[in-house]
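My notebook is open and I have a few things to look up. Come along and check each entry against the picture.

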Amino acid sequence: MTVISANNRSAPWAGEKPGVEARPIGVLGGTFDPIHDGHLRPALELLETLELAEVRFVPCRIPAHRGAPQVTAEQRLTLVRLATVGQPGFVTDDRELQREGPSYMVDTLTSLRDELGADTPLCLILGSDAFRELHTWRRWEVLSDLAHLVVMERPGILQPLPPLLEAFAAPRTIEGAVELRRRPAGGILFQPVTQLAISATQIRALLARGRSPRYLLPEAVLAHIHDRALYRSPLSPTSLTS
Ligand code: ATP
């Protein structure tokens, strides 16, 4: 297992001993096909607002709940690393690329628990769109035994929760960062973040049409996409430079 620390500088509060009252570790899983500012800005806000020790970006190898990504897992990992390097507290974690088969979050959280021990608070971070689908994830009921769930509101997700999830969330809902530190797992926090209507789908579509996704994702990520001619459709104009 290689955890690529994207930045040698830790968050200013990192380094505390794990245990109850330790600063929680955030885990943001995704396809990251590609990573964009809609992932990065909310993650930074959670790092600071919830006083997380770090946010681990965990790209999946094979997404369990959607079609195949357009670029390889290694390429998506490289894009995540480029996006997170230089930001204290952001860490790229490649554990899902080391496992065979589809990437299930329950396996990822179990492996993090094995590594970090039972007492360190873990926060699984997910957008409100992903949370609405939680009941379709493998062994979804045990996810909150392994970690807290932190749900970031995402633009355009207005419908109420499915009743099954509503019943799951109601008794677990907590109000703030302090609660996340009191126990290692089990709470669900609905946390407002800056609403950025950016999606990887939109970025792939722009690139495929030869249009620029600039300012929707970090410059270093865009430069790498252009260098390697990623996300080009055969019809893309070749003259695109930014
Ligand atoms: P795609 O458009 O290909 O479905 P995506 O932009 O939703 O991709 P993912 O890698 O699937 O990106 O998302 C990883 C996690 O980040 C998910 O929990 C998702 O809900 C969340 N997320 C993605 N974009 C945003 C955004 N703009 N605001 C808040 N959360 C987001």
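This is a predicted model: local features need pLDDT of at least 70, side-chain atom pairs count only at pLDDT 80 or more; totals for chains, interfaces and linings use all residues.

I count residues from 1 along each chain as its sequence is written.

I noted that the axes of H2 (residues 73-84) and H9 (residues 219-227) come within 8 Å and cross at roughly 150 degrees. That makes H2 roughly antiparallel to H9 (an angle over 145 degrees, on a scale from 0 to 180 between N-to-C directions). Helices here are DSSP runs of H or I with at least four residues, and strands are E runs of at least two.

Who meets whom? I found Thr78, Leu79, Leu82 and Ala83 of H2 in contact with Ala220, Val221 and His224 of H9 (C-beta atoms, placed from the backbone, within 7 Å). This contact has five nonpolar, two polar and no charged residues.

Next I turned to alanine 53, which sits in the loop between H1 and strand E3 (54-59). Is alanine 53 buried or exposed? I wrote down buried, because alanine 53 has 22 C-beta neighbours inside 10 Å (20 or more count as buried, 12 or fewer as exposed). I also saw that its C-alpha atom is separated by 5.8 Å from that of proline 24, 29 residues apart along the chain.

How values were computed: Angles under 35 degrees count as roughly parallel, over 145 as roughly antiparallel, 65 to 115 as roughly perpendicular and the rest as oblique. Two residues are in contact if their C-beta atoms, placed from the backbone, lie within 7 Å. Ala, Val, Leu, Ile, Met, Phe, Trp, Tyr, Cys and Pro count as nonpolar, Asp, Glu, Lys and Arg as charged, and the others, Gly among them, as polar.
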